[in-house]
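Subject: Structure handover

Hello,

Here is the structure you will be working with. My notes follow below it.

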Amino acid sequence: LALPWSAQVALRWPFLPRDLLCGAAVFLCMPTALSTGVQISAANGGSAALGLLLTVCTNLLSVLTIPFYVSRFLAGWGGNGLEVDAAALFTSLVRSVLVPMAAGSCARAASASVARWADANKAKLSILSACLLILVPLAELSKSVRGGLVLPAAQLAQVTLLGFLFPAVFALVNRTACSLFLS
């Protein structure tokens, strides 16, 4: 949940237009995907189960915090902030994150055959989940391009750099803190 605070740094990036900085800030406020949290934990010698627990907990908590982070960060930005309806964003997150998760959990708990099928198709479901997650920004980008967005290569490179730089720095800080406290 500390990564959203780095949105404040992104909003001060001097070389990009306002709308791209706004998008970068919103991106930084989003939680990690479930499979990503587990993969990162396992790849770094950590506990995949703990990675899953922490990722699920932070994702659930993010439904409550993201609307307020986004509205707070963008509302006061540069003296001429953007208006974000935190309640509408919260409602949307509940409808698109919590309701499907609860429905899937209930279906799995209520039906042994659903649980067996999910367990048997775990790898395929993980790949499907990742592909669907990738399609969200691509669909939004397509909509923007259709609406007339022209993004120079230098700006695209900077946005990509910000998208990788902030989480990488955050991961490095976490790894360093863990090595200091766990050694």
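What share of the contacts in the protein chain with a separation of 6 or more comes from residues 24 or more positions apart? The share is 62%, where contact means heavy atoms within 4.5 Å.

Ground rules. This is a predicted model, with residues numbered from 1 along each chain as its sequence is written. Local features need pLDDT of at least 70, side-chain atom pairs count only at pLDDT 80 or more, totals for chains, interfaces and linings use all residues, and side-chain values use heavy atoms, without hydrogens and water.

Confidence. pLDDT is the predictor's confidence in each residue, from 0 to 100. The protein chain has a mean of 80, and 92% of its residues reach 70 or more. Helix α6 (residues 112-120) is highest, at 93, and helix α3 (residues 34-43) is lowest, at a mean of 72. Where pLDDT is low, the predicted coordinates should not be read in detail.

Overall layout. The protein chain has eight helices and zero strands. Helices here are DSSP runs of H or I with at least four residues, strands are E runs of at least two, and numbering starts from the N terminus. The C-alpha trace spans about 55 × 45 × 30 Å along its principal axes. Of the 183 residues, 21% are buried. Buried means under 20% relative accessible area, exposed over 50%, and partly exposed in between, with a 1.4 Å probe and protein chains only.

Helix α2 (residues 18-29). Its buried residues are Leu20, Leu21, Cys22, Ala24, Ala25, Leu28 and Cys29. They pack against α1 (7-10), α4 (48-75) and α8 (153-182). The 12 residues of α2 reach 17 Å from first C-alpha to last, close to the expected 16 Å. That expected span is 1.5 Å times one less than the number of residues.

Helix α5 (residues 86-110). Its 25 residues should span 36 Å at 1.5 Å a residue, and the end C-alpha atoms are 34 Å apart, which agrees. α5 bends by about 35 degrees at Val94; the bend is the angle between axes fitted to the seven residues ending there and the seven starting there. Asp85 caps its N-terminal end, with a side-chain oxygen 3.2 Å from the backbone nitrogen of Ala87.

Aromatics. The structure holds one aromatic pair. Trp13 and Phe15 form it, edge-to-face, at 6.1 Å centre to centre and 85 degrees between the planes. Rings of Phe, Tyr and Trp (its six-membered ring) pair if their centres lie within 6.5 Å; planes under 30 degrees apart are stacked, over 60 edge-to-face, the rest tilted. Trp13 is partly exposed, at 23% relative accessible area. Phe15 counts as exposed, at 58%.

Best wishes

Definitions and conventions:
A polar contact is a pair of N or O atoms within 3.5 Å; within protein, one must be able to donate a hydrogen and the other to accept it, and residues adjacent in sequence count only if both atoms are side-chain atoms.
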